Amino acid sequence: MREVVMQLNNVSTHPDLNIANHLKDSDSDPEKEASWAEYSSAKFLFLGHLMDAVETHELHVIIAVQDEKKQAVIERYLLGKGFAYTRPREGMGRTLEVSLSRGPLSFGIHSSESVRELYKPPSAIFAFDASFNPKSPSMQHIRTTYARNGNLLPVIWFLVANTSEHIQRCLPDLPEPERLRWLVHYTARFHDEVGDLQDDALGVHEDAEEILTYLLDSVAGWPLATIEPLAFVSKEELESSTPSSGSSLPQTQKRSLVSLPCGYVLRLTNSMAGR
């Protein structure tokens, strides 16, 4: 089940992550890879719109991902968008942040828990996949060191609406076997609603513009609408029930998203990742 969930989460981030050898073609075109990433994943599409909106504003953002494979995908995407390494690639990864820049905009890519020397003071952390741990010593150190206006450095967690990543953030605290059963159950149940946004939500282009304004203004409040709760059964009903294809569900109740101590959630619209 963990492997199933991991592959589902990969699809929400970039569908090629489930292809074992997709990065081994040395002759591949980074520009085409970047276009494919934006076409197939709302997370990369958001980054593309943010790059277009930045213009002359100086900004450094940390992208937090789980492993080196995701890091490689993001690096190839940035190279395809015209970014270049701020220092020789060979000298990064252990003590120095892996970072790429294009004009006034730069990204640092973090795929491990180690604290590194950053290229520039960051304006935010983008949590790019389900693995993000806001309590890790590395993230706590960065958020405290680069606090803005008396508050911890903001974390913006990318979620495609109604995917397994989104559902996982909303399930109550249950023993892992039960959480996995219900996670797979609700992932299947919300299959046709993946990427559907609530009425007051903005599109990816508008999200990028609003969040850029927020990042550039140290006293601005979070600009996006509060996410509506998913329709889940209560914790007590989950604990007393077992999902199955033949059984009827208990009466559903609205359950709010789990309170996120890490920052804010950016809920993204549909893409190929949702189909």
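Where is the place of aspartate 217? Select aspartate 217 to find out: its place is in the loop between α8 and β7 (230–232). Bear in mind on this tour that the model is predicted. The C-alpha atoms of aspartate 217 and serine 123 are separated by 9.9 Å, although the two residues are 94 apart along the chain.

**The whole chain**

Zoom out and show the protein chain as a cartoon. Nine helices and nine strands make up its secondary structure. The chain has 275 residues, and 45% of them count as buried. Among contacts between residues at least 6 apart in sequence, 70% join residues at least 24 apart.

**The aromatic cluster**

Select Phe44, Phe46, Tyr77, Phe126, Phe128 and Phe158, which form one aromatic cluster. In the model the count of aromatic pairs comes to twelve. Look at phenylalanine 44 and tyrosine 77: their ring centres are 4.9 Å apart and their planes stand at 70 degrees, so this pair is edge-to-face. Phenylalanine 44 belongs to helix α3 (residues 42–54) and tyrosine 77 to helix α4 (residues 68–80), so the pair ties together parts 33 residues apart in sequence. Phenylalanine 44 counts as buried at 0% relative accessibility, and tyrosine 77 counts as buried at 1%.

Move on to phenylalanine 46 and phenylalanine 158. They too make an edge-to-face aromatic pair, with 5.1 Å from centre to centre and 80 degrees between the planes. Since phenylalanine 46 lies in helix α3 and phenylalanine 158 in strand β6 (residues 155–160), this pair ties together parts 112 residues apart in sequence. Both phenylalanine 46 and phenylalanine 158 are buried.

In soluble globular proteins, nonpolar side chains tend to be buried together. Here the largest nonpolar core has 34 residues, and Phe46, Leu47, Leu78, Phe107 and Phe126 touch the most other members. Elements that each supply at least two residues of this core include α3, α4, β6 and α8 (204–216). Select leucine 47 and show what surrounds it. Not counting residues up to four places away in sequence, leucine 47 touches Ile63, Tyr77, Phe107, Phe126, Phe128 and Phe158.

**Helix α2**

Helix α2 (30–40) also supplies at least two residues of the core. Colour Ala34, Ala37, Glu38 and Ser40, which are buried in α2. The buried residues of this helix pack against α3 and α4. At the start of α2, look for aspartate 29: one of its side-chain oxygens reaches to within 2.9 Å of the backbone nitrogen of glutamate 31.

**Two last stops**

Is serine 111 buried or exposed? Select serine 111 in the loop between β4 and β5. At 13% relative accessibility, serine 111 counts as buried. Its side chain and that of glutamine 71 are joined by a polar contact of 2.5 Å. Leaving aside neighbours within four places in sequence, the contacts of serine 111 are Val65, Gln66, Asp67, Glu68, Gln71 and Arg116.

Finish with arginine 148 and tyrosine 214. The charged end of arginine 148 sits over the ring of tyrosine 214, at 4.4 Å from the ring centre.

Terms used. Residues numbered from 1 in each chain as written. Heavy atoms only, no water. Phe/Tyr/Trp six-rings, centres within 6.5 Å; stacked < 30°, edge-to-face > 60°. Helix = DSSP H or I, 4+ residues; strand = E, 2+ residues; numbered from the N terminus. Buried < 20%, exposed > 50% of the residue type's maximum accessible area, 1.4 Å probe, protein only. Lys NZ or Arg CZ within 6 Å of the ring centre and 35° of its normal. Core = buried A, V, L, I, M, F, W, Y, C linked by side-chain atoms within 4.5 Å. Contact = heavy atoms within 4.5 Å. Polar contact = N/O pair within 3.5 Å; in protein donor to acceptor, adjacent residues only side chain to side chain.
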